[in-house]
Amino acid sequence: MNILVINGPNINMLGKREPDKYGQISFYELEELVREQAEKYDMDIDFFQSNSEGDIVDCIQKSAGYDGIILNAGAYTHTSIAIRDALLSINAKFIEVHLSNVFAREPFRHHSYLSDIALGVIAGFREDSYLMAVDYFANGLWQ
């Protein structure tokens, strides 16, 4: 199985940005944890991060060779019809993940343009949100 992890804006600032909401773990530590989890399942995993909406759209459009996507679109979750359209254009099998519980935060974070087309949403478990998504794909529950 081949999974792509796509991270949107400010995810590269983990460990520095609002640690009370996102935790102490750095972006690189998060990638290493996810990679280790994927290796347990003999899963191939690639990572992409961008603060640019267009770069994320391009990455999604080029992801046809992947079995699934783990997507933390960051703030674009709540604003980007372009990312939604890109996911629909390739019929992506993806899980929406969030480090924080978006429903315990500001009201504008309660709406996602992605949730209704995702296989599922995992939010509020910090780095474990990503690990749960890896487990889900590895166990074939989405097929």
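# Getting to know a predicted model

Student: Is Ile 69 buried or exposed?

Tutor: A residue counts as buried under 20% relative accessible area. Ile 69 has a relative accessible area of 3%, so Ile 69 is buried.

Student: Which residues does Ile 69 touch, not counting those up to four places away in sequence?

Tutor: Several parts of the chain meet here. Ile 69 touches Leu 4, Ile 6, Ser 63 and Leu 87, among others. The list of residues that Ile 69 touches also includes Ala 92, Lys 93, Phe 94, Ile 95 and Phe 137.

Student: How many helices and strands does the protein have, and how do they follow one another?

Tutor: Let us step back to the whole chain. From the N terminus on, the order of elements is β-α-α-β-α-β-α-β-β-α. The secondary structure comes to five helices and five strands.

Student: Why can the protein be called as compact as a globular protein of its length?

Tutor: The globule rule gives 15 Å for 143 residues. The protein is close to that value, so it is as compact as a globular protein of that length, with a radius of gyration of 14 Å.

Student: What does the C-alpha trace span along its principal axes, and what share of the residues is buried?

Tutor: Along the principal axes, the C-alpha trace spans about 35 × 30 × 25 Å. Of the 143 residues in the protein, the buried share is 45%.

Student: What share of the contacts with a separation of 6 or more joins residues 24 or more positions apart?

Tutor: Contact here means heavy atoms within 4.5 Å. Among contacts with a separation of 6 or more, residues 24 or more positions apart account for 76%.

Student: Where does Ile 56 lie, and is Ile 56 buried or exposed?

Tutor: Ile 56 lies in helix 3, which covers residues 53-61. The relative accessibility of Ile 56 is 0%, so Ile 56 counts as buried.

Student: What is the C-alpha to C-alpha distance between Ile 56 and Asn 7?

Tutor: Asn 7 is one of the residues in contact with Ile 56, as are Ile 6, Gly 8 and Pro 9. Ile 56 and Asn 7 are 49 residues apart in sequence, and their distance in space, C-alpha to C-alpha, is 8.3 Å.

Student: Where is Ile 11, and which residues is Ile 11 in contact with, leaving aside neighbours within four places in sequence?

Tutor: Ile 11 is placed in the loop between strand 1 (2-7) and helix 1 (19-22). At 3% relative accessibility, Ile 11 counts as buried. Leaving aside neighbours within four places in sequence, the contacts of Ile 11 are Phe 27, Gln 49, Asn 72 and Tyr 130.

Student: How many aromatic pairs does the structure hold, and why is the pair of Phe 27 and Tyr 28 edge-to-face?

Tutor: The structure holds two aromatic pairs. The ring centres of Phe 27 and Tyr 28 are 5.4 Å apart and the planes are at 70°, so this pair is edge-to-face. An angle over 60 degrees is the cut-off for that name. To sum up, the number of aromatic pairs is two, and the angle behind the name edge-to-face for Phe 27 and Tyr 28 is 70°.

Student: Which of the two, Phe 27 or Tyr 28, is buried, and which is exposed?

Tutor: Phe 27 has 7% relative accessibility and counts as buried. With a relative accessible area of 64%, the exposed residue is Tyr 28.

Student: What is the phi of Asp 42, and where is Asp 42 placed?

Tutor: Asp 42 is not a glycine, yet its phi is positive, at about 55°. At 68% relative accessibility, Asp 42 counts as exposed. Its place is the loop between helix 2 (27-40) and strand 2 (44-49).

Student: How far apart do the centres of the positive and negative side chains lie?

Tutor: The protein has 11 positive and 21 negative side chains. The distance between the centres of the two sets is 6 Å.

Note on methods. Residues are numbered from 1 along each chain as its sequence is written. This is a predicted model: local features need pLDDT of at least 70, side-chain atom pairs count only at pLDDT 80 or more; totals for chains, interfaces and linings use all residues. Side-chain values use heavy atoms; hydrogens and water are left out. Rings of Phe, Tyr and Trp (its six-membered ring) pair if their centres lie within 6.5 Å; planes under 30 degrees apart count as stacked, over 60 as edge-to-face and the rest as tilted. Buried means under 20% relative accessible area, exposed over 50%, partly exposed in between (1.4 Å probe, protein chains only). Helices (H or I, at least four residues) and strands (E, at least two) are DSSP runs, numbered from the N terminus. The radius of gyration is taken over C-alpha atoms; the globule rule is 2.2 Å times the number of residues to the power 0.38. Lys and Arg count as positive and Asp and Glu as negative; His and the chain ends are not counted. The place of a charge is taken as NZ of Lys, CZ of Arg, CG of Asp or CD of Glu.
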